[in-house]
Amino acid sequence: MKVRIALLVYRKELLESLRDRRTLVIMILLPICLYPLIAIGVSQWVGIQATAHRSQASRIGIDGTKRDWPALQSALQDSTKLQFSEWVDPNALRNGTVDLIMRIGPESKRAMGGDGRARVEIFFDGTSAKSKLANKRLRRAMVDFADKMVAARMARRKLTPDLLAPIRVNENNIATKKKRSGHVLGNVLPVLIMLMVLLGAFYPAIDLTAGEKERGTLETLLTAPVPRISIVVGKFLTVSTIATFTGLLNLFALGMTITFGLGPILAKANMAGQIPWGAIALTAIAVVPAAMFFSALMVCIGALARTFKEAQTLLTPVYLVCMIPAMMVQLPGIELTPLTAFMPAINIALLTRDMIAGNVVWALALVALVSTTLYSFLALSFGARIYSSARLLFSEEPMFGKKDDGEDEGDAPLKKVELQPAHVAMLFLVIMAALVLFAQPLQAKNFVSGMLVTEWLIIGLPVLLLIRWGNASAQAVLSLYRPRAIAMVGATLAGVTGWYLVMALVETFQQPYLPIPPEMIKAAEKMLFSGDRPFALDLFLMAVSPAICEELLFRGALLRVSRKVLSTPGVVLLNGVLFGAFHLSVYRFFPSAILGIFLAIIVIRSGSIIPAMLFHFLNNASTLWVSRNVNVGLDDVSVIDTRLLVGAVGLFLIGAYLVYRSKQTKQNEDPEADPPASIKHI
Amino acid sequence: MSEQRLPIRVKTHKLCRNFGKIKALRSLDLSIPAGEVYGLIGPNGAGKTTALRIMAGLMPATTGEAFICGHEINDNPTKVKASLGFQTGSTTLYGRLRVSEVLDYFGQLYGLKRKTIRERIAILAEQFQFSDLLHRRCDKLSTGQKQRVSLARAVIHDPMLVILDEPTAGLDVLASRFVADFITDAKTRGRTIIFSTHYMTEAELLCDRLGLLYGGRLKMEGSPAEIKEALAVNSLEEAFIRFADEAGR
């Protein structure tokens, strides 16, 4: 990479971006004007309303007459904020004539005369601020009155009030006002900062990547004798600068707004009316890597799109997904730990929260910052790869929908709608949403029908429909080629032993840090291993169906399209991560991801999906059989036996070696090219 | 007087490019000497743009070799790009930059010194008659003005080889004339020009030699006169139609 060229591209892109009104509005105008206007407007409105309410007396309607209980009436009458009216219509509260209605029981006068207990019923409207205020005022007055009555009764009997209150609790909140406001801000600010950094990166990333392609200036730029990585870095630096500036300006604008606009409101909430500027300055440290990470991600994904519109379609889900970690900081119990410090986006959101609240653990902060920087570089290297791909740069094929009609000098007239990464990414997201919304509730209600619907209708069928819609070759997309016998033997050996190794790995590396809650294991065992179902049915539901349907999605469509944009290690890793995420449980992520990785390797090495299906089937079937016959639970580690493990490792390695050796003599490197000559069509 | 042997600026050998199963370019062999104006003609989808993009180093060939000004495109892509200027009818300028800023930017990308860039901008502004537009934003220029500035941008580093992909597409007669004048002038200064076009009159007028592409193959090559003679027609347009008919059979 040439730094001089990267800086040259950076300067030019920044100049162009700063001349773009849309960028300026999002970057400068929005933070400077929006927060003060909203905050000051809201605080003024709240202030006016609160003052108006407080200055007015609450209108209390009595369902009866004061004479029912003169002592109470005279006590309450002392409060100037309560205005009573007698014989009120029960509908007066609904039509707004009074703010509250109280009904005093007819026996109250007599009960209160002695040592009895009076009964007072209060009717108020919980959705009306005035009614709620009336309730608060009336209750306060009644509590005071009741205290006085208790004191009088105790005095008559020459008893001390301590008799009724043997313990007096004094609460002392040691958190200072500053700390309390830091805590509240720590929950709110990360969301706003992440939102603004994302917003700051969103538009420039699209403009500098897909926008440049659409305008036709990218080809012009690429004719210059400059390394493409320098171009990507220049663009990334521009987007990062804008995102950082947007984030910092937002932070500053928010600080100023809180200090000057929301001060009185915060003071009333018993919090410091000033933002902790020292903590905010520290937060700036987190804004920079966050901006770098989001910018790298957006530049790299934006580069995949052909047009501005396509980039918007691709990046909007990314934007929303990136917002989730920011919102997660508000959940109780989520802290910056050695594990979360490595999680992209979540680590920065948590770090920002801790910095504002003044609870930073610097070692973890360093891990979060370094790992985020690393992720940024990874995304950048992916972006550089896209800029080196003629297919992605000069593709005439839209990522969504059919190819435009009309004359074309692109020299690659395609009759079919080639499946693009975006198509399959959309399919994956839809399937994930369907799993959460429909599959899980269905399985909980009826496991058998739920599993059948999940595997065949939610996962398998959409893959086939997508291939049909694209008029693509199912054989090519799904790698439905006849495998070599050596691959099948290897997959069999690895399939019957792989689950055991994964179990051992989980036990060694996951359980100490992320133990599965026992109640979750019991619930899963109850649902999965019900003795009521025949083994053959369970085998079909939990081994055959996933082996076919999940393989069609992951090692078929997903693996195929990801090979268009990623290197082989990238394809394998992505497949594992997505397969892990697909299982919708943080506890199942690691074992599923390992399996996903191995299954992807099988397809790549053997050139066929069939051995992967066999492996998947045997893996699930083995787990199922052992769970039923060896009488061990999902959390039962006694099954991990050293001798068995050594044997399993041995067989697995032999299987893996056979799969490795099954690679065809002429490997299918180009995802679009014909299958290897030695692979027979089914 | 003995015939002067001119250096070969463009040499391709069995150049192929596949897009999946589609073979956009099949075994293209070209040899173009210095100072020649070479025209690539052929119907849409014939492989002209692919051939020019490979020669410009914008996309790699699937197989085969291409030497540009003595440098192999895969071995020395940077030197190849530095030695040529590439311009298409569809490439555009940075709308939010001024004309002078665009030219200065590309001058720097080509590694020119500040002084040289200033001198080149002055020369090109005079040659393409846009001196009064230097401080105007590119999105405020007319189509013809944009094409003149684009040409200047492509040759800011005064390359030995200029590759033009349909440079006159969508231009009016006056604007097209600037392109034609530029090609003529470049030829007189010993520059090699390769360009693709759909306008046969333009090709006949400007080109020393023509290459007829069809289905990714170079079907015929020669001077406009030789091609007309070979196909026994009076005009290049007729030759194109005859050739397309015969090749399509």
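Predicted model: local features only at pLDDT ≥ 70, side-chain atom pairs only at ≥ 80, totals over all residues.
Residues are numbered from 1 along each chain as its sequence is written, and chains are lettered from A in the order in which they are written. Local features need pLDDT of at least 70, side-chain atom pairs count only at pLDDT 80 or more, totals for chains, interfaces and linings use all residues, and side-chain values use heavy atoms, without hydrogens and water.

**Aromatic pairs**

A pair of aromatic rings is described by the distance of the centres and the angle of the planes. Rings of Phe, Tyr and Trp (its six-membered ring) pair if their centres lie within 6.5 Å; planes under 30 degrees apart count as stacked, over 60 as edge-to-face and the rest as tilted. The count is 16 aromatic pairs over all chains.

Helices are DSSP runs of H or I with at least four residues, strands are runs of E with at least two, and both are numbered from the N terminus. Phe428(A) and Phe554(A) are both buried (under 20% relative accessible area, with exposed over 50% and partly exposed in between; 1.4 Å probe, protein chains only). Phe428(A) and Phe554(A) also form one aromatic cluster with Phe579(A) and Phe582(A).

Phe598(A) and Phe615(A) are buried as well.

**Nonpolar patch**

Leu452(A), Trp456(A), Leu457(A), Leu461(A), Leu465(A) and Phe540(A) make a nonpolar surface patch of about 500 Å². Patch residues have over 30% relative accessible area and no salt bridge; nonpolar side chains are joined within 5 Å, like charges within 9 Å. A salt bridge puts a side-chain nitrogen of Lys or Arg within 4 Å of a carboxyl oxygen of Asp or Glu. Areas come from the Shrake-Rupley method with a 1.4 Å probe. Helix 16 (residues 447–469) of chain A gives the most, with 5 residues. Leu457(A) lies in that helix.

Strand 9 (residues 209–214) and strand 10 (residues 217–222) of chain B pair in the antiparallel sense over 5 bridges. Pairing needs at least two DSSP bridges. Tyr214(B) stands opposite Arg217(B).

**Cysteines**

The count is 0 disulfides over all chains (a disulfide is a pair of cysteine sulfur atoms within 2.5 Å). Cys322(A) is buried at 8% relative accessibility. Cys549(A) is buried at 0%.
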